[in-house]
Amino acid sequence: MAYQEQVTAQRRETIPPHVPADRVVELDYFSPPGVTEDPHLAWKSLHDGPDIIYTPYYGGHWIMTRADDMFAVMQDYETFSNWEFTVPPRGPDSPVLMPNQLDPPRHGPIRSVVLRPMSPKAVAPIEPVIRKIMADRIASIVPKGGCEFVSEFGGNIPPELFFEHARIPKDKLPEMKRYADTVARSDSHEERVAARIGGANYMMAILEERRQVEDLDDDVFSVIIQAEREGRITKEESTSIALNVFFGGLETVSSALAFIVLFLARNPEHRRQLIEDGSLTQDATEEFLRRFGILNLARIATRPTTFKGVRIEQGEQVLLPLHLAGLDERKFPNPLEVDFQRKRAGHFNFGTGPHRCLGSNLARPEIRIFIEEWLRQIPDFSVDPDDKPVGASGVAMTMTRVPLVWPSR
Ligand code: HEM
């Protein structure tokens, strides 16, 4: 039996005695009711219930539903560890991802290795490259008069842009894309673990090539090898960091692009605003990130604790649906509305605390440039009336299908 099926099969028959009966909700977070129609709305109904709930799925775990509580948990790494940051736990065969799985004080020195190449200053020079790749890929689909966005565009762009950023030769791209695709889209846990392992091996080969370079550059992989040469990290840690940086930006960015393009396909008035006032795209990017949050992160309790009146035992997992934080009306009035003029109240789609996303400086321009280039070349488009979009939930909220049409030229 596959690992995930085993864990699913471990759905608890008996609820632990410390869990109050009024907190128990039957929710498999991979398939909340209504997820295929609209993943975000499928979750939103949890705001009608208690702030902290417990589901018996995946061996049983807690779910925080409110922004302030998620924020507090992400700051308190001494009580809520990152070692198991997904539900169900990643399993013994998955390669370790660093810095994501480490807690302070070990986390900081590992994270610091890649801070510089992920900074806004390091990313700024590749913006024209991002723009050219986006523009070329969009131009190649324009004559078709339509596309299935996820398979024909959104899923392919993030690995390509990462390869540019990390200066990895393009001939390695197809194989890495295959692994990335499986990690992002396969519904088999076994296949996903195999792809992570395949990706790790391939990454090791790329790192090995970089080790042979005498005068290292300042891109992310070269910086990792430089830290290894200086004895700051081991070879195994190099692989874990490279994997984390590579896989961290794949499904997240392609999901964000899919939610945004679907929204724009359905909302001509928002398209018009962005086309008429180009200065809006920066605010639009932040508003889209708030409205269409992506990750269902998790933490594991290192010790028993009491949180808002419920007892969380050591070893229990807490799910943090960050997308639900962006839809919390206690923080954002009319949270379902997309308003580019909204007063910013600080979404944390990129997380908070020590693990704040290392790739946000790359993700933000990718999203902004995508909006600009797509609307420049395809200003008028809609959902294919003969087909329908399909949403999904899981570690990342995503659209698995976004069929679009536009007037042929
Ligand atoms: C819309 C796109 C993205 C979203 C929504 C996103 C979200 C997040 C979040 C919420 C975290 C915190 C994880 C935690 O607290 O456990 C995180 C961490 C991280 N992200 Fe992203 N991310 C995105 C894009 C990227 C990109 C493009 C990259 C790399 C190229 C990347 C690399 C990482 C890494 C390496 C970490 C771990 C940081 C640490 O543990 O110190 N992410 N991301």
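A polar contact is a pair of N or O atoms within 3.5 Å. Keep that cut-off in mind as you look at this predicted model, where an oxygen atom of the ligand sits 2.8 Å from an N or O atom in the side chain of Arg 299. Let's look at the ligand's surroundings, and then at one helix in more detail.

**Atoms close to the ligand**
- The side chain of His 107 has an N or O atom 2.7 Å from an oxygen atom of the ligand.
- With Gly 248 the backbone takes part: one of its N or O atoms is 3.4 Å from a nitrogen atom of the ligand.
- Two or more residues of the shell come from each of these elements: α4 (107-113), α12 (235-248), α13 (251-266), β5 (296-301) and α17 (360-377).

**The shell as a whole**
- The ligand is surrounded by 27 residues, and the closest are His 107, Arg 111, Arg 299, His 355 and Cys 357.
- By type, the shell holds 14 nonpolar, 11 polar and two charged residues.
- Which element gives the most to the shell? That is α12, with three residues.

**Helix α13**
- At 1.5 Å a residue, the 16 residues of α13 should span 22 Å, and this agrees with the 23 Å between its end C-alpha atoms.
- Is α13 largely enclosed or open? Because 14 of its 16 residues are buried, α13 is largely enclosed by the rest of the structure.

**An annotated stretch**
- An unreviewed UniProt entry lists residues 241-265 as "transmembrane region".
- In the model, residues 241-265 are 92% helix and 0% strand, and their end C-alpha atoms lie 37 Å apart.

Definitions and conventions. Residues numbered from 1 in each chain as written. Predicted model: local features only at pLDDT ≥ 70, side-chain atom pairs only at ≥ 80, totals over all residues. Heavy atoms only, no water. Near = heavy atom within 4 Å. Polar contact = N/O pair within 3.5 Å; in protein donor to acceptor, adjacent residues only side chain to side chain. Helix = DSSP H or I, 4+ residues; strand = E, 2+ residues; numbered from the N terminus. Nonpolar A, V, L, I, M, F, W, Y, C, P; charged D, E, K, R; others polar. Expected span 1.5 Å × (residues − 1). Buried < 20%, exposed > 50% of the residue type's maximum accessible area, 1.4 Å probe, protein only. UniProt positions renumbered as here; feature names shortened; annotations may be inferred.
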